[in-house]
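Please read the following report alongside the sequence and the model.

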Amino acid sequence: SLPGKVGTQDVQDCWAALQSVLKRGGFDPDRIAVVGGSHGGFLTAHLVAQYPGTFKAAAVRNPVTNIATMSTATDIPDWAMVEGCGLGTYDFGRFLPASGERLATMWSRSPCAHVSKVKTPLLIALGLQDKRVPPSQGFELYYALKAQGVPTRLLCYETENHKLEGPAADADHWVNVALWLEEHMPVRRSPPEPASLTRLQSHGV
């Protein structure tokens with residue numbers, strides 16, 4: 001049921017899942033983050049734009065950010081057309097550029113169409129050899145956020161592709177994600193209990 005409904009149905013599903021979890025209680029609403037790669041990066045970018053103020057930090061890796069510009073640069077143009085415009089819109093027998101109307105539809109379903117609403121600090125990681133989701137997708141989002149003054153950082157891995165699976169890149173990426181979340185959602189540390197101070201004072205410290 002998703003083809004032709006990306007950017008709405010899948011995003012709303014994620015939002016409903018989050019609301020269901022939060023209703024159970026025990027969570028700090030000021031420490032909610034979202035992280036995703038590829039289509040998960042697409043969802044992450046949509047969530048921080050469509051629900052501004054909810055997420056205090058976010059990170060994406062090789063995200064789809066503009067389906068229209070991706071459609072002629074990816075090794076899966078069928079995905080861009082079908083997910084953006086619906087079943088039956090792609091001719092698997094031959095490649096044909098999308099019409100202006102379909103490009104406009106793909107744009108409307110993309111995170112970059114909502115980027116002006118983003119307030120959440122966002123970390124972007126890209127494999128520069130990615131043929132599935134070209135690095136230009138991440139660059140589009142990065143420069144748009146920089147122009148708006150939204151805190152953002154770009155990590156580029158020159159020899160990595162879509163998976164970012166090389167040991168060095170994989171480790172570096174996740175360490176940087178952890179540091180990004182800690183920077184923008186610092187752990188709240190409770191002050192010492194008065195009883196502990198009293199015990200110290202009783203020993204002359």
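## Aromatic pairs

Tyr 143 is exposed, at 55% relative accessibility, where exposed means over 50% relative accessible area, buried under 20% and partly exposed in between, with a 1.4 Å probe and protein chains only. Tyr 142, by contrast, counts as buried at 14%. These two tyrosines form an edge-to-face aromatic pair, with 5.2 Å from centre to centre and 65° between the planes. Rings of Phe, Tyr and Trp (its six-membered ring) are paired if their centres lie within 6.5 Å, and planes under 30 degrees apart count as stacked, over 60 as edge-to-face and the rest as tilted.

The model is a predicted one, in which local features need pLDDT of at least 70 and side-chain atom pairs count only at pLDDT 80 or more, while totals for chains, interfaces and linings use all residues. Residues are numbered from 1 along each chain as its sequence is written, and side-chain values use heavy atoms, with hydrogens and water left out.

By the ring rule the count comes to 3 aromatic pairs. Trp 15 and Tyr 51 are stacked, because their ring centres are 3.8 Å apart and their planes are at 5°. This pair links distant parts of the chain, 36 residues apart, with Trp 15 in helix 1 and Tyr 51 in the loop between helix 2 and strand 2; helices (H or I, at least four residues) and strands (E, at least two) are DSSP runs numbered from the N terminus. Trp 15 is partly exposed at 22% relative accessible area, whereas Tyr 51, at 18%, counts as buried.

## Nonpolar cores

The largest nonpolar core holds 36 residues, and Phe 55 and Ile 67 touch the most other members. Such a core is a set of buried Ala, Val, Leu, Ile, Met, Phe, Trp, Tyr and Cys residues joined through side-chain atoms within 4.5 Å. Among the elements that give two or more residues to this core are helix 1 (9–23), strand 2 (57–61), helix 3 (67–70) and helix 6 (135–148), while the largest share, 6 residues, comes from helix 2.

Leaving aside residues up to four places away in sequence, Ile 67 touches Val 6, Phe 42, Trp 79, Ala 80, Gly 84, Met 106, Arg 109, Ser 110 and Gln 137, a contact being heavy atoms within 4.5 Å. A second, separate core of 11 residues includes Ala 57, Ala 59, Leu 123 and Met 185.

The structure holds 1 cavity of 30 Å³ or more, and the largest cavity has a volume of about 50 Å³. A cavity is a set of points, on a 1 Å grid over the protein atoms alone, where a 1.4 Å probe fits but cannot get out, and its lining residues have an atom within 4 Å of a point. The lining of the largest cavity includes Ser 71, Thr 72, Met 81, Tyr 90 and Phe 95; by class, this lining has 7 nonpolar, 2 polar and no charged residues.

## Local backbone features

Ser 38 has a positive phi of about 60° although it is not a glycine. Its place is in the loop between strand 1 (33–37) and helix 2, and at 24% relative accessibility Ser 38 counts as partly exposed. Leu 164 also has a positive phi, near 50°, in a residue other than glycine; Leu 164 lies in the loop between strand 4 (152–157) and helix 7 (167–184) and counts as buried at 0% relative accessibility.

Conventions
1 Å grid on protein atoms, 1.4 Å probe; cavity = no way out; pocket = protein on both sides within 12 Å on 5 of 7 lines; lining within 4 Å. Points joined across faces, edges and corners; volume = space filled by probe spheres on them. Nonpolar A, V, L, I, M, F, W, Y, C, P; charged D, E, K, R; others polar.
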